[in-house]
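Please read this briefing alongside the sequence and the model. The points are grouped by topic.

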Amino acid sequence: MTDVSMTVNGEERTASVPPETTLLTVLRENFFLTGSKLGCDVGDCGACTVLVDGIPVNACLMLAGQAEGRDIVTIEGLANQDGMHPLQQAFENLASLQCGFCGPGVIISAKALLEENPDPSVDDIRDALSGNLCRCTGYTKMIEAVQDAARIMRGESADEAA
Amino acid sequence: MKHRGKGIGCMWYPIGFTVAANPSAATVKVNEDGTATLLTGTVETGQGSLTVLGQIAAEELGISTEDVHVVSADTDATPMDTGAIASRTTYVTGNAIQLAAERAKNILFEVAAPMLGVRPDQLEARDRKIQVKGYPQSALPVGEVANHAQNGAGTPAIGSASYNPPTVAMDPETGQGKPFSTYVYATQIAEVEVDDETGEVQVIRIAAAHDCGTAINPMLVEGQVQGGISMGVGMALEEEMLFDDQGRQINPNLTNYIMPTSLDMPHIDVDIVENFDPTGPFGAKGVGEPTAVATSAAILNAVYDAVGVRVPNLPATSEKVLAAIKAKRNADPKRVSAS
């Protein structure tokens, strides 16, 4: 067993797990943060995307031990008692998700984009979401929601023309 | 060199099959606080059907969608439903819900009529009230009427109903008949860019005009069309299950079974062609599966417009498109490619 400790959504968390355990497994099964999804388990679908020191990572491809001492943000870390994150609110307002399975990963990828680029073009957004597969939506309303959230986070109103 | 082309695909699609029993059933209960509870057997898979079904109940009862509590897909508590299949939910389940809500509403009318000093047929349900048609100042809150129905008149405002698109036997000699209750129609136009050196097809834009009867929730209709187009793009250009000679799939994962990412999807313009179908709930038909039907035809016609080649079997992968372009060049060496 390996002892791992990391910051998850602002809290210090530790677990004792077999060394081959992935970050995703620790998040879901030791820390009970089941928002990050186990989709393909080989890094193709992006449903497990989390932020590691601010960078979007497929948690199914990272060993828990590699996350030692790092700062992890999952979908559970976005909303607070004041309400949802602007991205979550925009996704809800525009019905950007359908079955929702890809949603936690998509929103985390979008959050990483907006932290780096507060005013992304449609092509920037397509590029940022390209590692997150969605079977339901055609991505159209997701892209619109990321644009809306970006405007809100820049202090503009959501419905201003891009 | 890259060539642009445009292509059109048109389709019709059947809604509400009638070749076999195809029932849905629903129960609608109006509560004493003016809300309603809807029991339906159908399953929400993200397409928004429970929102649309709640809207149908709310519209019939003159209350708000947020007043309707939808209980779905619990076999202990809800009626059986033929299924969230065949683009039938809004049409068949929606009809059952409208009928059930109408029965509950008629109880409210019977109870409210003597309270308002009119006949039941002079009443309507609007703005969370039961009111006299043409005299909205003469009205009672829905909750107050529901309370009186329960505790005064002794006739709780509950309606149950089923709907089955009338089953019609097919002629056993000819196979002819009326297999579906109604139909929807759509046209999609694709604009593509084809690289004649690699065979790669990039879909630039798709304009999609869809008839779904009354669009009860236009935002959800758009979502269905956009999602269907992504499936159509995959079908046209990328998605193919490959098997070895033992029947084992050789591409059983998303590394080599390729489906559209955000980078593969075109700009999409959705045009909802409103239309009233008298057999549907508030004129609605359906929209789910039809959205994916016209896309591949439009894309492949656009490829032909761009480089003058037909790829007769899907998906039109880069390899197939390039092979078709080379075959065309070899057959007509003076013509390098279409303009």
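What follows covers a helix contact, salt bridges and backbone exceptions.

This is a predicted model, in which local features need pLDDT of at least 70 and side-chain atom pairs count only at pLDDT 80 or more, while totals for chains, interfaces and linings use all residues. Residues are numbered from 1 along each chain as its sequence is written, chains are lettered from A and ligands numbered from 1 in the order in which they are written, and side-chain values use heavy atoms, with hydrogens and water left out.

**Helix contact in chain A**

- Helix α2 (residues 86-93) and helix α5 (residues 140-153) of chain A have axes that come within 8 Å and cross at roughly 135°. Helices (H or I, at least four residues) and strands (E, at least two) are DSSP runs, numbered from the N terminus. Axes are lines fitted to C-alpha atoms, for helices over the stretch in contact, and angles run from 0 to 180 degrees between N-to-C directions.
- α2(A) and α5(A) are therefore oblique to each other; angles under 35 degrees count as roughly parallel, over 145 as roughly antiparallel, 65 to 115 as roughly perpendicular and the rest as oblique.
- On the α2(A) side, the contact (heavy atoms within 4.5 Å) is made by A:P86, A:L87, A:A90 and A:F91. On the α5(A) side, the residues are A:M142, A:A145, A:V146, A:D148, A:A149, A:I152 and A:M153.
- Of the residues in this contact of α2(A) with α5(A), 10 are nonpolar, none is polar and one is charged. Here Ala, Val, Leu, Ile, Met, Phe, Trp, Tyr, Cys and Pro count as nonpolar, Asp, Glu, Lys and Arg as charged, and the others, Gly among them, as polar.

**Salt bridges**

- Over all chains, the whole structure holds 18 salt bridges, each a side-chain nitrogen of Lys or Arg within 4 Å of a carboxyl oxygen of Asp or Glu. Side chains of opposite charge can pair when their charged atoms come close.
- A:R154 pairs with A:D119 in a salt bridge whose closest N and O atoms are 3.2 Å apart. This pair links distant parts of the chain, 35 residues apart: A:R154 is in the segment after α5 of chain A, and A:D119 is in the loop between α3 (103-116) and α4 (122-128) of chain A.
- A:E156 also forms a salt bridge with A:R154, with 3.1 Å between the closest N and O atoms. Shared partners join A:D119, A:R154 and A:E156 into one network.
- Buried means under 20% relative accessible area, exposed over 50%, partly exposed in between (1.4 Å probe, protein chains only).
- A:K141 and B:E222 meet in a salt bridge of 2.7 Å, N to O. A:K141 lies in helix α5 of chain A and B:E222 in helix α4 (residues 218-237) of chain B, so the pair joins two chains. A:K141 is buried at 4% relative accessibility, and B:E222 is partly exposed at 27%.

**Backbone exceptions in chain B**

- Most residues other than glycine have a negative phi, and most peptide bonds are trans.
- The peptide bond between B:L314 and B:P315 is cis, with omega about -5°. B:P315 is in the loop between α5 (295-307) and α6 (318-331) of chain B.
- B:D127, not a glycine, has a positive phi of about 50°. B:D127 is in the loop between β5 (123-126) and β6 (129-132) of chain B and is exposed, at 56% relative accessible area.
- B:F282, not a glycine, has a positive phi of about 50°. B:F282 lies in the loop between β11 (267-272) and α5 of chain B and is partly exposed, at 26% relative accessible area.
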